[in-house]
Amino acid sequence: MIAFGFKGPDAAQAGNLESWLSDLRTAGFSWMEIRAPEEQDPAWEARLQEWRERDGWSLAVHARFFGVNLSSPNPRVRRAAVEVALEDLMFASRIGAKRLNVHAGDVNWYDIPPPDHPAHASMVHELNRLRAQHLAAAAISIAEIGEAAREMDIEVVVENLYKPWELLRTPEETRDFFERLEPRIGFTLDVGHARIAGCSPIAFMEALNRRVRHIHLHWNDGLFDTHDFPDLSEPDLRELVRASAQFSPPVLLVIEILPGSSNGRIELFCKWPAQAYAVLREKM
C-alpha cells in the first residue's frame, strides 16, 4: 500500500514538531525525510532513533547538495562529493533510515542566453557536450554510493532537478541515465521540479516506471520552487496521486514541507492523508 511522509525537522526545529507527531501519525503519516546535518550530533541522532523505535516512524535521509556535485568530471572533486554522500549514508545508517535521496549534480554553467540570442544554439551545444560528461561522472558516483548502501541495506534514490544546467531535467534524460545504473537504485520524482522544468510528472512516471520509489510532493506556479502545499482540489495533483497507486513496490509520497511551517499548517497535514485516500477510492 502507498505510504505517506513529510519533510522532517532539523535538530533546532524538533521541539516544535514533536508535540504534533502523534496527531500526524494518527492522520496516516508514517515516514519522515530528514536532512543530513553538516556535523554529527549524537543527541539529535538519539532523538531520531527514539522516534523510530518508540513511535514507529520510518526514516529517509535527504543527502546534502549545496556545494556538493556528484557529477564533476574532475576526479578529485567528484571523489570529495562522494565522500560527503557517504558521510550522509553513515548518518542514515546510525539513525536506522531505510532510504537516502541524492541529487545527481549540475554542469556549473549558468550563462544560458535566451533562444532569440544569436549565440544560443552554439552555447547550448557546448552545454550539452559538458552535460554528457557530467552525466557519465554522476553515474559513477551514484554507483559507488549504491554499492556502499547495499551493505547497509539502505536504498538510494536519485531526484530530478529543473534548472537548465542541472541534470535529470526531462523524462528522457532521466530514463537514459537510469539505464546506466543497477535496478536497485530508485528514482525520486520531484513534482515541483518537474513543473518548473516544463515536464509532466506523469511523463516521468511513464518513462521511469518501476524505478519510481519516492515522490517529493509540493506545488508551485511553474516558475519558482516555492514548495506550496499540495492542495488535492488541484486536478493535476489528483491525477498524480491516482497514478502513484500503480507502482509495485508501492511508492512513498513525501510532502516536502515541514509541518507547522508557513507553507504547511498542521491542520492541512492532518486532513491530507484522508483526502488522498478519498482520491484513490475514486479510481475504484
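Let me start with Asn-209, which at 42% relative accessibility counts as partly exposed. On that scale, buried means under 20% relative accessible area, exposed means over 50%, and partly exposed is in between, with a 1.4 Å probe and protein chains only. Asn-209 is not a glycine, yet its phi is positive, about 50 degrees. The residue is found in the loop between helix H8 (201–208) and strand E7 (212–217). Helices (H or I, at least four residues) and strands (E, at least two) are DSSP runs, numbered from the N terminus.

A word on the source. This is a predicted model, in which local features need pLDDT of at least 70 and side-chain atom pairs count only at pLDDT 80 or more, while totals for chains, interfaces and linings use all residues. Residues are numbered from 1 along each chain as its sequence is written, and side-chain values use heavy atoms, with hydrogens and water left out.

Back to the backbone. Asp-153, also not a glycine, has a positive phi, near 60 degrees. Asp-153 lies in the loop between H5 and strand E5 (155–159), and is exposed, with a relative accessible area of 63%. Where is the cis peptide bond? It joins Ser-248 and Pro-249, with omega about 0 degrees. Pro-249 belongs to the loop between helix H9 (235–244) and strand E8 (252–255).

Now the interior. In soluble globular proteins, nonpolar side chains tend to be buried together. A nonpolar core here is a set of buried Ala, Val, Leu, Ile, Met, Phe, Trp, Tyr and Cys residues joined through side-chain atoms within 4.5 Å. The largest one has 83 residues, and Phe-6, Phe-29, Met-32, Phe-177, Ile-215 and Trp-272 have the most contacts inside it. Helix H5 (residues 120–152) gives the most to this core, with 8 residues. Apart from it lies another core of 5 residues, including Ala-3, Trp-31, Ala-60 and Leu-252.

For contacts, the cut-off is heavy atoms within 4.5 Å. Not counting residues up to four places away in sequence, Phe-177 touches Leu-135, Ala-138, Ala-139, Ile-142 and Leu-168. His-214, in strand E7, counts as buried at 0% relative accessibility. Leaving aside neighbours within four places in sequence, the contacts of His-214 include Glu-33, Arg-99, Asn-101 and Phe-187.

Next, the rings. The structure holds 13 aromatic pairs. Rings of Phe, Tyr and Trp (its six-membered ring) pair if their centres lie within 6.5 Å; planes under 30 degrees apart are stacked, over 60 edge-to-face, and the rest tilted. Phe-229 and Phe-269 make an edge-to-face pair, 5.2 Å centre to centre with 75 degrees between the planes. This pair links distant parts of the chain, 40 residues apart: Phe-229 is in the loop between E7 and H9, Phe-269 in helix H10 (residues 266–282). Both Phe-229 and Phe-269 are buried. Together with Phe-6, Phe-29 and Trp-57, they form one aromatic cluster. The charged end of Arg-25 sits over the ring of Trp-57, 5.3 Å from its centre; that label requires NZ of Lys or CZ of Arg within 6 Å of the ring centre and within 35 degrees of the ring normal.

Last, a helix pair. The axes of helix H3 (residues 42–55) and helix H4 (residues 75–95) come within 9 Å and cross at roughly 50 degrees. Axes are lines fitted to C-alpha atoms, for helices over the stretch in contact, and angles run from 0 to 180 degrees between N-to-C directions. H3 and H4 are therefore oblique to each other, since angles under 35 degrees count as roughly parallel, over 145 as roughly antiparallel, 65 to 115 as roughly perpendicular and the rest as oblique. Glu-45, Leu-48, Gln-49 and Arg-52 of H3 make the contact with Phe-91, Arg-94 and Ile-95 of H4.
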